[in-house]
Amino acid sequence: MEVKTLSASQIKAEALRLGFSACGMAPAEPVNTAIADAFSRWQAQGMQANMNYMGNYLDKRLDPRLLMEGVRTILSVALNYYPARQLREDQYQFAWYAYGKDYHDLMKTRLTSLQAYISAHSPLPLQSRVFCDTAPVLERYWAYRAGLGWIGKNTQLIIPHAGSCFFLGELFLDMEVDKYDQPQKNRCGNCTRCIQACPTKALEAPFLLNSRRCLSYLTIENRDAIPLLEGKKMGNKIYGCDECQKACPWNKFATPCQAPDLQPTELFMQMEKEDWHTLTEEQYRTLFKGSAVKRAKYAGLMRNIHQVESNE
């Protein structure tokens with residue numbers, strides 16, 4: 001009896017046509033024991049800070065077969081967000097990923113198009129699900145398993161000769177493909193530049209991020225006051241932190257993002273410090289309509305601005 005499979009090469013070609021930077025596939029199976037144990041230890045030590053949702057559905061997070069019945073293949077895609085234009089160094093700084101529109105919408109639209117293509121070219125009726133930072137999926141792990149790159153010492157996925165400035169998303173498929181990708185060897189070597197560059201020493205060891213000290217967590221997800229010690233080390237960052245990525249030698253190979261929706265607006269690029277100091281909630285809504293910056297909410301952003309202002 002002939003086994004029906006999907007064509008991995010055709011799927012990858014369509015993914016690239018849709019604008020994704022990379023695409024790979026891995027068989028759906030439980031997360032390997034070493035990663036599962038490390039994740040459980042990380043949580044047990046409270047390094048997820050107040051992101052309690054990281055502990056929800058742990059069984060599904062560590063075994064994707066529990067997320068979708070019958071899943072056979074996990075397809076992982078990456079989308080470049082490295083900015084073509086960057087804020088002046090004397091301006092308040094935002095994480096690069098937040099320069100444009102909310103990536104969730106863009107990724108879901110493209111993933112849904114890829115999902116439709118695969119369904120249309122499937123030899124059998126296909127069941128599938130789209131994910132983009134919206135379910136208990138270890139996205140970087142599955143990108144690694146699907147051969148896109150390796151997980152660096154800063155816990156970011158690094159794609160060889162492309163860097164780490166990528167959004168990730170997944171398609172769960174209930175069919176196998178004719179060729180699965182193999183994980184790549186970690187090529188960080190002896191380099192520890194990311195660890196040395198972390199302003200708050202949140203990277204406590206290679207591959208170990210303590211969110212309680214991470215400026216990305218403290219300025220975005222955190223709803224409480226920013227701890228004094230970490231607040232004093234914010235520099236001019238008011239939303240997120242890219243220091244570990246800026247220090248990574250692999251990001252020297254990063255190429256500017258071309259997706260129109262990920263480009264910053266002129267209004268955003270022209271904001272000066274005094275404009276941020278007097279930002280009203282109405283201006284905030286106009287400036288960040290459809291933006292990921294809304295994750296921090298107006299109150300959170302103003303908290304960050306006041307903290308940085310007090311440091312100057």
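# Questions on a predicted model

Biologist: Which residues touch T155, leaving aside its neighbours within four places in sequence?

Modeller: The model is predicted. Contact here requires heavy atoms within 4.5 Å. With sequence neighbours within four places set aside, the partners of T155 are R140, L203, F207, L208 and L209.

Biologist: Is T155 buried or exposed?

Modeller: T155 sits in the loop between β5 (150-151) and β6. Its relative accessible area is 15%. The limit for burial is under 20%, so T155 is buried.

Biologist: How far apart are the C-alpha atoms of T155 and C244?

Modeller: Along the chain, 89 residues separate T155 from C244.

Biologist: Is C244 buried or exposed?

Modeller: The relative accessibility of C244 is 15%. Burial means a value under 20%. C244 therefore counts as buried.

Biologist: How many disulfides are there?

Modeller: A disulfide is a covalent bond between the sulfur atoms of two cysteines. The cut-off is a pair of cysteine sulfur atoms within 2.5 Å. By this rule the count is zero.

Biologist: Which cysteine has the sulfur nearest to that of C241?

Modeller: C241 is in no disulfide. At 17% relative accessibility, C241 counts as buried. The nearest cysteine sulfur is 6.6 Å away and belongs to C198.

Biologist: And for C244, how far away is the nearest cysteine sulfur?

Modeller: C244 takes part in no disulfide either. The nearest sulfur is that of C194. The distance is 6.4 Å.

Biologist: How many helices and strands does the protein have?

Modeller: Helices need at least four residues and strands at least two. Counted this way, the protein has 13 helices and ten strands.

Biologist: What is the radius of gyration of the protein?

Modeller: For 312 residues the globule rule gives 20 Å. The protein comes close to that, so it is as compact as a globular protein of that length. Its C-alpha trace spans about 70 × 40 × 35 Å along the principal axes. The radius of gyration is 20 Å.

Biologist: What share of the residues is buried?

Modeller: The accessible surface comes to about 15,000 Å², of which 51% belongs to carbon and sulfur atoms. Burial is counted over 312 residues. The buried share is 52%.

Biologist: Where does N56 lie?

Modeller: N56 is partly exposed, at a relative accessible area of 39%. N56 lies in the loop between α2 and α3.

Biologist: Which residue in the loop between α2 (33-44) and α3 (58-62) is A49's backbone value about: what is its phi?

Modeller: A49 lies in that loop. At 14% relative accessibility, A49 counts as buried. Its phi is positive, in a residue other than glycine, and is near 55°.

Biologist: What is the phi of H161?

Modeller: H161 is in the loop between β6 (157-158) and β7 (166-173). Its phi is positive, though the residue is not glycine. The value is near 60°.

Biologist: Which residues does Q115 touch, not counting residues up to four places away in sequence?

Modeller: Q115 lies in helix α4 (residues 103-120). Its relative accessible area is 18%, so Q115 is buried. Outside its sequence neighbours, Q115 touches S128, R129, V130 and L171.

Biologist: How far apart are the C-alpha atoms of K233 and A8?

Modeller: K233 is in the loop between α8 (228-231) and β10 (237-239). K233 is partly exposed, at 37% relative accessibility. Its contacts, leaving aside neighbours within four places, are P199, T200 and L215. A8 is 225 residues away along the chain, and the C-alpha separation is 46 Å.

Biologist: How far apart in space are S310 and G231, C-alpha to C-alpha?

Modeller: S310 is in helix α13 (residues 297-311). At 48% relative accessibility, S310 counts as partly exposed. S310 and G231 are 79 residues apart in sequence, and their distance in space is 9.6 Å.

Technical notes: Residues are numbered from 1 along each chain as its sequence is written. This is a predicted model: local features need pLDDT of at least 70, side-chain atom pairs count only at pLDDT 80 or more; totals for chains, interfaces and linings use all residues. Side-chain values use heavy atoms; hydrogens and water are left out. The radius of gyration is taken over C-alpha atoms; the globule rule is 2.2 Å times the number of residues to the power 0.38. Buried means under 20% relative accessible area, exposed over 50%, partly exposed in between (1.4 Å probe, protein chains only). Accessible areas come from the Shrake-Rupley method with a 1.4 Å probe; for residues, only the protein chains shown count as cover.
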